[in-house]
Structures are given as structure tokens and as C-alpha cells.
Amino acid sequence: MTRTKPESNSTSSKKAAAKARPARKAPATRGRAKAVKYTRAEIEAIFERFHAQEPEPKGELEYVNAFTLLVAVVLSAQATDAGVNRATRGLFAMAETPEKMVALGEDGVREAIKTIGLFRNKAKNVVALSHMLIDKHGGEVPRSREALEELPGVGRKTANVVLNIAFGEPTVAVDTHLFRIGNRLGIAPGKTPLEVEQKLEKIIPDKYRLHAHHWLILHGRYVCKARTPDCGRCIIADLCKSPEKRVANASGDGSSTA
């Protein structure tokens with residue numbers, strides 16, 4: 001019979017010590033800030049300043065009606081607005097309705113948008129959603145999030161953009177910029193866009209709800225940029241509680257970090 005060799009005292013001691021040590025915490029994911037306590041007055045002041053700077057912010061995608069807006073937003077996934085606009089000017093000149101888009105066909109759409117990333121799958125979705133709009137909605141863009149999300153290539157963010165811009169619904173469309181802002185500032189931290197959206201809906205004052213996501217997206221795109229936030233140009237820098245906030249040094253070049 002094989003006997004088990006008894007553990008040495010040193011081995012037993014090491015195991016006991018390992019059990020006694022607390023487990024190491026997983027490193028925090030970059031960009032996932034903890035919730036930071038902002039007072040209601042501070043949140044109000046943040047959106048009041050955005051409103052004062054740009055009372056009627058506009059999305060940067062070009063469109064001519066609700067249908068072309070829907071198509072433009074679908075095409076904007078993993079693409080820049082400027083790049084989408086260059087492609088859709090020609091596309092919408094040929095097909096500004098679901099019926100004309102179906103008539104143009106997948107090959108025609110693909111040729112028009114071939115400069116956009118993922119253009120093959122996007123062309124397929126654009127023609128498929130056009131068919132569905134004709135078959136289920138009389139060629140009109142539906143005004144409910146549920147109906148919009150049933151369309152090929154349409155997710156919650158796209159549905160929220162269309163509801164907000166085309167129909168004036170006070171939705172919050174969370175794109176990569178807004179997701180970053182919610183976490184970086186700590187006003188609406190979350191691991192998913194839906195979490196950030198739901199937290200923002202709780203804190204945004206009602207009177208600013210309609211334009212809130214436009215202000216935050218533009219702020220993230222041009223000021224609170226992904227690599228290096230331009231805090232020297234930020235109109236809410238004194239209210240910001242982000243650990244990444246940069247403050248101006250004595251020379252005023254904004255290069256020192258708070």
C-alpha cells in the first residue's frame with residue numbers, strides 16, 4: 001500500500017498563511033468610475049451651462065426625413081458622422097423613402113455606402129428594414145421604441161436617437177462618448193450603456209431632458225475627449241469631480257493634473 005507523505009511544517013504554514021491572506025481584488029476597469037456625489041444644484045448647474053452655450057443642439061448626421069434619419073443612424077455604427085454624411089448625400093438623393101430604397105436594392109445601397117465600415121451588412125439591413133417598414137408600418141417610421149427595435153440593424157441607441165430627433169421624445173441615447181462621460185465624470189457610472197442611460201434619466205432635470213444627450217455627446221466628442229480631456233476649454237470644469245480632471249498650471253497651459 002502506498003503511504004501518503006506527511007506535509008512538512010513549512011508547507012502547512014504556507015498553506016495556512018495563504019488562506020489567511022485576503023483575496024486580491026480584480027483591478028478596476030479603466031473608464032468605469034465609481035459614483036460621485038453631485039448635489040441637485042450641481043447637476044442643475046451643469047445642464048444650465050450646456051443650455052446657455054447651445055440652447056438648441058443638433059445632431060451632426062444629415063437627413064431629410066424620419067426615414068433617412070433612421071438609415072443614417074443605422075449606418076453610423078462604428079463610423080464617423082462625417083463619413084456617413086459623405087456617403088448618404090448620394091444615397092438619399094436616389095432613395096429618400098423605403099419604397100425607393102427597396103427599388104435601389106442591396107447592390108445599389110452597397111455601392112453608395114462602400115466607403116463606410118461594415119458596408120455590406122449595413123446595406124443588407126437598410127434594405128431589410130425598408131421592406132419591414134412597408135410591410136408592417138405602411139412605409140412610415142414607427143414612433144415606439146419596441147417597434148423600432150424590431151427593425152434589422154436597429155438597437156436601443158438608434159431607436160432613442162430617432163425618437164428624440166424625429167419625434168421630440170426626451171430620450172437619452174448612449175453612444176461611446178456619452179458612455180465615457182457618464183463614467184468619467186461619475187454622474188452616471190455603469191458597465192453597460194443601459195445602466196448609464198437609466199442613471200442619467202434619474203438625474204437630468206426634466207426641463208433639460210430633450211437635449212441632454214446631444215450636449216453630453218458633443219461635450220465628449222470635442223472637449224472631454226477619450227485620450228486627453230481638454231479641461232482648459234470645459235465650461236463645467238469647476239463642477240467636475242472626475243479623478244481625470246486636469247487643471248491649468250501657473251502658465252495656464254492646462255498640462256498639470258489635479
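A polar contact is a pair of N or O atoms within 3.5 Å; within protein, one atom must be able to donate a hydrogen and the other to accept it. The legends below describe close-up views of a predicted model.

**View 1. Ser242 and its polar contact with Arg184.** The side chain of Ser242 reaches the backbone oxygen of Arg184 at 2.9 Å. Ser242 sits in the loop that runs between helix H11 (209-222) and strand E1 (246-247). With a relative accessible area of 8%, Ser242 is buried, because the cut-off for that class is under 20%. When neighbours within four places in sequence are set aside, the residues in contact with Ser242 are Tyr38, Arg184 and Leu185.

**View 2. The largest cavity and the cysteines at its centre.** The structure holds 1 cavity of 30 Å³ or more. The volume of the largest cavity is about 100 Å³. Its lining is made up of 14 residues, and those closest to the centre are Cys224, Pro229, Cys231, Cys234 and Cys240. Sorted by class, the lining of the largest cavity comprises 9 nonpolar, 2 polar and 3 charged residues.

View 3. A disulfide is a covalent bond between the sulfur atoms of two cysteines. The distance rule applied here requires a pair of cysteine sulfur atoms within 2.5 Å, and by this rule the count comes to 0 disulfides. For Cys231, the closest cysteine sulfur is that of Cys234, and the separation of 6.2 Å is too far for a bond. Cys240 is likewise in no disulfide, the sulfur of Cys234 being the nearest cysteine sulfur at 6.3 Å. Cys231 counts as buried, at 14% relative accessibility. Cys240 is also buried, with a relative accessible area of 12%.

**View 4. The largest pocket and the helices that line it.** Of its 27 lining residues, Ser76, Asp81, Lys157, Asp175 and Arg221 are the closest to the centre. Two or more lining residues come from each of helix H3 (66-75), helix H8 (156-167), helix H9 (176-185) and H11. H11 gives the largest share of this lining, with 5 residues. By class, the lining of the largest pocket divides into 13 nonpolar, 8 polar and 6 charged residues.

**View 5. The second largest pocket, with helices H2 and H10 in its lining.** About 310 Å³ of space lies in the second largest pocket. The lining consists of 14 residues, and Tyr38, Arg40, Ile43, Lys202 and Ile203 lie nearest the centre. Helix H2 (40-53) and helix H10 (193-203) each supply at least two residues of this lining.

View 6. Arg40 is found in helix H2. The C-alpha atoms of Arg40 and Ile203 are 7.9 Å apart in space, while the two residues are 163 residues apart in sequence. Arg40 has a relative accessible area of 80% and is therefore exposed, the cut-off for that class being over 50%.

Terms used
Residues are numbered from 1 along each chain as its sequence is written. This is a predicted model: local features need pLDDT of at least 70, side-chain atom pairs count only at pLDDT 80 or more; totals for chains, interfaces and linings use all residues. Side-chain values use heavy atoms; hydrogens and water are left out. On a 1 Å grid over the protein atoms alone, a cavity is a set of points where a 1.4 Å probe fits but cannot get out, and a pocket is an open set with protein on both sides within 12 Å along at least five of seven lines; lining residues have an atom within 4 Å of a point. Grid points are joined across faces, edges and corners, and a volume is the space filled by probe spheres set on the points. Ala, Val, Leu, Ile, Met, Phe, Trp, Tyr, Cys and Pro count as nonpolar, Asp, Glu, Lys and Arg as charged, and the others, Gly among them, as polar. Buried means under 20% relative accessible area, exposed over 50%, partly exposed in between (1.4 Å probe, protein chains only). Helices (H or I, at least four residues) and strands (E, at least two) are DSSP runs, numbered from the N terminus. Contact means heavy atoms within 4.5 Å.
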